[in-house]
Amino acid sequence: MRSSRDDQLVRPTVEDEVAAAGSELIGGPAGRRALPGRGWWTPVRVIALVALGMFALGMVQKLPCYEYGWFFGATTQYTHACYSDIPHLYSGRGFDAGLIPYFDRIPQELSGGMDYLEYPVLTGLFMEVAARLTLGGGTLQHREQLNWLVNAGMLMACTAVVAVCTARTHRRRPWDGLLVALAPALALTATVNWDLLAVALTALAMLMWARERAVLAGVLIGLAAAAKLYPVLLLGPLLILCLRAGRLKAFRDTAAGAVAAWLVVNLPVMITHDVTGFHIREGWAKFYTFSQERPIDFGSVWLLVSQRTGNPLENANTYVTLLMILGCLAIGALGLYAPRRPRFAQLAFLVVALFILTNKVYSPQYVLWLIPLAVLARPKWRDFLVWQACEVMYFLGIWSYLAYTGSGDKHQGLPVEGYQLAIALHLLGTLYLCAVVVRDILLPEHDVVRRDGSDDPSGGVLDGAADIVVLGSARRARHAEHSAGTSVRWGTESRPLS
């Protein structure tokens with residue numbers, strides 16, 4: 001007999017035309033007699049295996065660089081689009097020499113002027129552990145290859161965590177995690193840098209919030225913020241949504257957990273003392289000072305404007321701060337004015353996308369920050385693949401542009417005009433996804449997650465809660481969604497249509 005739990009699972013091949021068409025490669029859409037989730041091949045396990053397989057394909061794509069591109073030729077790693085920071089920083093930040101991040105100053109002949117590691121503490125610990133696990137002697141090339149393999153193995157574990165957590169966050173929509181597993185940009189950028197550590201911790205935090213474990217969600221957000229700065233932005237949407245739903249205690253618990261976890265990780269490295277008292281350690285502060293001082297860089301809208309106008313935009317920090325503040329105010333207003341309280345994943349995606357779009361740099365691997373949030377916010381295959389196509393084009397574009405600028409008079413690669421088009425394409429792709437999510441918030445009947453009568457499956461204590469604090473016309477709005485045999489009046493239980 002089929003369980004009611006299986007009957008309730010949302011099947012993308014039934015509700016999504018692109019998923020249905022793609023399923024023809026493996027036999028077509030699931031039939032009405034199919035028994036999803038039976039036996040060993042549960043959706044979560046399938047998704048985890050697919051994610052690991054795609055990660056392995058991404059490692060194969062880096063093979064030309066692993067064998068020679070990182071070590072020989074000025075532009076080989078660009079022409080093969082297989083660049084990675086990992087082998088270069090293993091020696092360039094003193095890990096091969098046994099230097100301790102944040103405590104030991106890096107000799108200039110190794111780092112080229114970067115006197116301390118320019119990454120947050122938890123990422124530095126990740127790099128240090130990988131360096132300690134890099135065993136054996138041999139040439140520097142051999143050690144860098146081995147270190148990349150160790151890092152790749154650890155990042156592969158992070159990839160599995162991201163895929164599994166995304167699949168489990170919406171209980172009735174586990175197959176949405178397949179979007180994460182099959183994301184081409186994830187396979188291409190997974191080993192470019194160490195971003196997947198923060199992405200995995202953030203995905204875990206989203207899952208814990210969905211399971212109404214507010215303190216643990218906060219601890220994970222704090223740890224994620226100790227690996228990359230962006231996860232702390234999730235506290236903003238939580239504040240707005242908890243205020244609207246009258247669930248401020250849950251927000252306070254989450255915020256307290258985040259601050260406590262961040263301090264536990266950072267304080268031992270952050271504080272030093274001498275006879276004059278306590279001081280902020282220079283090595284710990286390097287990430288923050290470097291972020292403030294760095295000029296506009298690859299992939300950003302500011303680089304596009306600067307190259308097109310010839311203006312160096314020396315006040316970029318001011319512009320970034322102003323736009324970020326205005327954007328956060330707009331997202332907060334959207335959260336309070338929308339006819340129904342937005343889902344947590346929707347506002348989380350918008351605020352992280354805002355941070356990336358306004359930043360001074362939009363590195364290729366930043367797409368990893370958005371992939372799980374995009375899947376939870378807008379699990380629509382067409383929109384997701386349109387965005388991914390833009391990101392893949394940019395991934396190829398930046399390396400082709402660097403090959404062009406590094407090949408001297410040969411000019412092999414993409415000229416500056418072509419690179420500017422690639423920047424515009426990936427900015428527009430992200431903006432497109434943001435626009436669709438905003439549309440879903442303002443017109444909840446377009447939200448595919450709410451189509452079956454759900455409220456906020458990843459919302460934890462917010463799921464099904466009535467609105468308490470709203471602004472404008474939203475105070476009087478009693479939005480009801482009608483679709484496929486379900487009528488929903490938010491804040492109440494759904495009931496079947498007569």
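Predicted model: local features only at pLDDT ≥ 70, side-chain atom pairs only at ≥ 80, totals over all residues.

1. Glu314 counts as exposed, at 73% relative accessibility, where exposed stands for over 50% relative accessible area, buried for under 20% and partly exposed for what lies in between, with a 1.4 Å probe and protein chains only. Its place is in the loop between H18 and H19, helices here being DSSP runs of H or I with at least four residues and strands runs of E with at least two, numbered from the N terminus.

2. Residues are numbered from 1 along each chain as its sequence is written, and side-chain values use heavy atoms, with hydrogens and water left out.

3. Leu313 sits in the loop between H18 and H19, and this residue is buried, with a relative accessible area of 11%. Although Leu313 is not a glycine, its phi is positive, at about 50°. As background, most residues other than glycine have a negative phi. Gly310, which follows H18, also has a positive phi, near 80°.

4. Which residues of helix H18 (residues 301-309) are buried? They are Trp302, Leu303, Leu304 and Ser306, and what covers the buried residues of H18 includes helix H19 (316-337), H20 and H23.

5. Two of those covering helices also pack on each other: the axes of helix H20 (residues 344-358) and helix H23 (residues 416-442) come within 10 Å and cross at roughly 150°, with axes taken as lines fitted to C-alpha atoms, for helices over the stretch in contact, and angles running from 0 to 180 degrees between N-to-C directions. H20 and H23 are therefore roughly antiparallel to each other, given that angles over 145 degrees count as roughly antiparallel, under 35 as roughly parallel, 65 to 115 as roughly perpendicular and the rest as oblique. The crossing of H20 over H23 is left-handed, a term used if the near helix is turned anticlockwise from the far one by less than a right angle, with right-handed used if clockwise. On the H20 side the meeting residues include Phe349, Leu350 and Ala353, and on the H23 side they include Leu431, Cys434 and Val438, contact meaning heavy atoms within 4.5 Å.

6. The contact involves, among others, Leu201, Ala205 and Met208 of H13, together with Ala217, Leu220 and Ala224 of H14.

7. Helix H13 itself (residues 195-210) has 16 residues and spans 23 Å from its first C-alpha to its last, close to the 22 Å expected at 1.5 Å a residue, the expected span being 1.5 Å times one less than the number of residues. H13 is mostly covered, with 15 of its 16 residues buried, and just after H13 comes Glu212, which takes a positive phi of about 65°.

8. Tyr102 also deserves a look, in the loop between helix H7 (85-92) and helix H8 (108-111): its phi is positive, at about 75°, although Tyr102 is not a glycine, and the residue is buried, with a relative accessible area of 5%.

9. Arg11 lies in the loop between helix H1 (4-8) and helix H2 (12-15) and counts as buried at 16% relative accessibility. The C-alpha atoms of Arg11 and Asp176 are separated by 9.0 Å, although the two residues are 165 apart along the chain.

10. For the whole protein, there are 23 helices and five strands, and buried residues make up 55% of the 498 residues. Among contacts between residues at least 6 apart in sequence, 71% join residues at least 24 apart.

11. The unreviewed UniProt entry carries the annotation "transmembrane region" for several stretches, including residues 148-167 and 316-338; its positions are given in the numbering used here, feature names are shortened, and annotations may be inferred rather than shown by experiment. Over residues 148-167 the model is 100% helix and 0% strand, with end C-alpha atoms 28 Å apart, while residues 316-338 are 96% helix and 0% strand, with end C-alpha atoms 32 Å apart.
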